[in-house]
Structures are given as C-alpha cells and as structure tokens.
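Open the model in your viewer and keep the selection tool ready. The stops below say what to select next and what is there.

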Amino acid sequence: MIEQAALREERTDGVDENAVEQADVVVVGAGVAGLVAARELSRRGLRIVVLEARDRIGGRTWTDHRLGRDLEIGGTWLHWVQPHAWAEVTRYGLAVTRGPRAQETYWLAGDEVRRGTPEDFMRLIDPGMTRLLQDTMTWIPRPDEPLTVPELTEADRLNLQEVLDRLELSVDERNANEAAWVGHFNAPLGHCAYTAALRWTAATAGSWHLMHEASAIFRLAGGTRSLVEAIAAEAEAEIRLNSPVRSIRHHAGGAEITYGDGRTVAARRAVITVPLNTLHQLDITPALPDGKLNPSLEKTASRGAKAWIRVRGPIKPFFAYSSQHHPLSVVRTEYLGEDDAVLVAFGADASRIDVNDPKAVDAALKVWRDDLEVLDTGGHDWMADPYSQETWLIQQPGQLTRYHRTQQENTGALHFAGSDYANLWAGFIDGAVESGVRVARRIRADLSSG
C-alpha cells in the first residue's frame, strides 16, 4: 500500500503549485485513525486528501524488517476484548498470533535477582494489583464513557506512584508491581495518572489479569502493516507522503491547508490526527482553544523506550522485570529461532538508554542475566521523532477530567481524531479506530445538514 500511496502522490506533480486545490475533506496524518476516517468518508463519495509528513503510512504503528524479522517498531498488541480493532481483524480476515509462552521469569527484590515460573510472578503481584484496582468499576463503570462519575476528579488528582506507595508492599512486591506498570505505561509512574490504570482495567470489566493479557500478548501474524495496508487499500482517498503540513487557516465554511513545498488544498472540513504532544506546534489560525492546546503544551506522561534485541540461541522463552529506575524495566521473548531469539524490552525513560546501542542494551540485560549474548539491537526513539514526540497515550494527573471532552470536540471546520482522543482503549490501535469512525460519522452528519 505504501507503493500505491506513492503513486497517488506522483499524480499531483502536474498541479500548478500556485493553484488552490479543492477537496471535501483533508486528513492530516496517515496513521490508523486518519486512514479509518478517510475510508469511512470516501465511502460516501466525498473527495478525500490525506497528507502524511513521513515517507510511509501507519504513524505510530510501524512494521519494519530488522534483526531478521518483521518487527513492530511502534504499536503491537491487540485482543478480542478491543471491539473496534477486532472488528477490523474480522473485516479483513487478518490472522492473529502470539509470542512464545514464557517458561521462566526473573525479577528483583531490591538488588537480588529472583527466578521462578510466570505463575510465581503473577502470584507475587496479585495482592498489589487487586488492592490498587479494587474500586475500578466504581470510578469508571462505563469505560466507553469514562467521565460518567463526577467524583472521578478526586482519583484523577493522584499519580500511580503515590497510590502504589499507600499499599506498603514488600520490597519484591513493590519492585514487581512497579515494573509491570512501567511495561504497560512506558513512563515514570510518578508522572502517570492513577486514572490511566483505572481506564485500562475498566476496559476489561475490572479484571487486571485480562487487562494484562489484552495489552501485551496477541499480535497480527502479518504485522500491523497488514492492517494499515488493508485500511488504506479500501479508502478511496489520495494519500500524499512526504507532505508535512505548514499551516492551517480555518473558518466556519472550511479550511485551507498548506503543505509540502507550499501547495494549498481547500476543504469543507479537516481532520487533524497528529499525536497530542505535537498538536501545539501546528500553525493554526485562528488559534485552537486552551482546552486543546494546554494538554499538548503540558505533554503526556509517556516518554519511554522500546527495544528489540537479538540474542544468541537457543534459549528458553522468558519474562524479566527489574524496576522503573533501571534503563530497561521489562524484557520478554517474542521470537525463537534455532540459533537465535529476539526479545522486546521497555524502559520508563528513553533518555536513559540508546536502544540502537548493543553495548548499552547488553549492560541493561545484565541486571538479570549475564548469560545472554547480544548480537544486535534495534528500535526507534519516538520521543525524538518530530512527528510523534510520545509513545502511546498515558495522561498525567488531572488531564483526563480537565481536557477529555474538549479534546474530542471540533473547532468549527476542524475535527480531531487519534488514539490519544479515544474513550475506550486510548493509546491502542483500538482507540485509533474508534476515534476515526466517530469523527467520520460527525463529519458526514455535518456535511449532510449543511
């Protein structure tokens, strides 16, 4: 589909650069949310132009061939309890698989390495997880409508670290629970809203065990590339790569978007799907309201690292957890070969480790094991990427209850979509699909009544 998108881009080469092109809707960003919005809108016969700054589609979902495998550099996992993503899996007949089941688990009690089975580790974290999340369904009884309980503002003031501290766990329980949450949240826990943990768990009806499975086990056999390309192939839209937006001028009747080397396209409506942390950097006139700009200026909590690591095999598949203070907090086996294995790892802060430096990654692994020989590493610094500046959405305290409703609202002709704005599985592929469908529905209704 990337080749098809490139062909669509080439068709614009004969356009007068000084002319203002006309479209019904312009979508800024060819991630999952943007592609879904384009697909849904184009089905109604509207002319859709998608502007993507990168040289590929997919946004923060990105399957790339590295270390001898097709690896998920960005978003990876999905599950049948994620209704919007699973509907897409069913729609396109995509195969779902999983990594090898871990046979052993390593964790830390202070600086002491413990070793056991995956069941041993789950029993270790169960009391802390259960107590931390026991009121989940009281705070968020409808995860698809996360703000139905007015008192949620009280819980939203808290960060996850202070709630964990109140549990007064033993040293090994504390380390294990913290590391598990870093694997989920990709950030220092003192920056993460407690409500983020509640939202994830509410999405699985209060079961932290199911939440753990839904967020970290199953993946597409053909990679997220297979989903992204399927959506793009069905969208009757012009997808233009290498087309960063320079400015957006909007009014009640539409918007003019200038992009690339100075071309302009006018549209009746525009869909902005850029990650939340970059929204304030767009040149938009008139300026967006504070309820949209402030969370972008404040930034999300997510700032972590994701590393892919090829080690010499054979090895037994394993999980390993350290703490949020180590460069890598969670490591797991994702692929097994006859003479090698590929691990995936997460850390709370991307500035602490260069995931493309084998020596740095090797040193991080030695927290648990000194018997692994690192052959190569790979990854992407999403924090340094100018078109993302974040990994997946984890909000800071107060951001959900202060900004969520405003972030989902349109500003005149400008509509906003993306996993960062989802109700149910914010930060996941599911959330991106949900948001793209919702915005497309609103625009169709808006244009029909106009």
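In which crossing, right-handed or left-handed, does α2 pass α15? Select both helices: α2 passes α15 in a right-handed crossing. A crossing is left-handed if the near helix is turned anticlockwise from the far one by less than a right angle, and right-handed if clockwise. Helices (H or I, at least four residues) and strands (E, at least two) are DSSP runs, numbered from the N terminus.

Before going on, note that this is a predicted model, in which local features need pLDDT of at least 70, side-chain atom pairs count only at pLDDT 80 or more, and totals for chains, interfaces and linings use all residues. Residues are numbered from 1 along each chain as its sequence is written, and side-chain values use heavy atoms, with hydrogens and water left out.

**The helix pair**

Stay with α2 (residues 32–42) and α15 (residues 429–449), whose axes are 8 Å apart and at an angle of about 35°. Axes are lines fitted to C-alpha atoms, for helices over the stretch in contact, and angles run from 0 to 180 degrees between N-to-C directions. Show side chains: residues of α2 including Val36 and Leu41 meet residues of α15 including Val433 and Ile443. Contact means heavy atoms within 4.5 Å. By class, this contact has 11 nonpolar, one polar and two charged residues. Ala, Val, Leu, Ile, Met, Phe, Trp, Tyr, Cys and Pro count as nonpolar, Asp, Glu, Lys and Arg as charged, and the others, Gly among them, as polar.

**Confidence**

Colour by pLDDT, the predictor's confidence in each residue, from 0 to 100. The chain averages 95, and 96% of the residues score at least 70. Now select residues 1–15, where the pLDDT is below 50; this stretch has 27 contacts in the model beyond near neighbours in sequence.

Select Ala196, Trp200, Leu393 and Trp425, which are among the residues lining the largest cavity. A cavity is a set of points on a 1 Å grid over the protein atoms alone where a 1.4 Å probe fits but cannot get out; a pocket is an open set with protein on both sides within 12 Å along at least five of seven lines, and lining residues have an atom within 4 Å of a point. The largest cavity holds about 80 Å³ of space, and its lining divides into seven nonpolar, one polar and one charged residue.

Next, select Arg98, Pro118, His212, Ile217 and Phe319, which lie nearest the centre of the second largest pocket among its 18 lining residues. Helix α4 gives the most to this lining, with four residues. About 430 Å³ of space lies in the pocket. A volume is the space filled by probe spheres set on the points, and grid points are joined across faces, edges and corners.

**Backbone stops**

Select Thr285 and Pro286: the peptide bond between them is cis, with omega near -10°. Pro286 lies in the loop between β13 and α12. Gly313 and Pro314 are also joined by a cis peptide bond, with omega about -5°. Finish at Glu168, in the loop between α7 and α8, where phi is near 50°, a positive value in a residue other than glycine.
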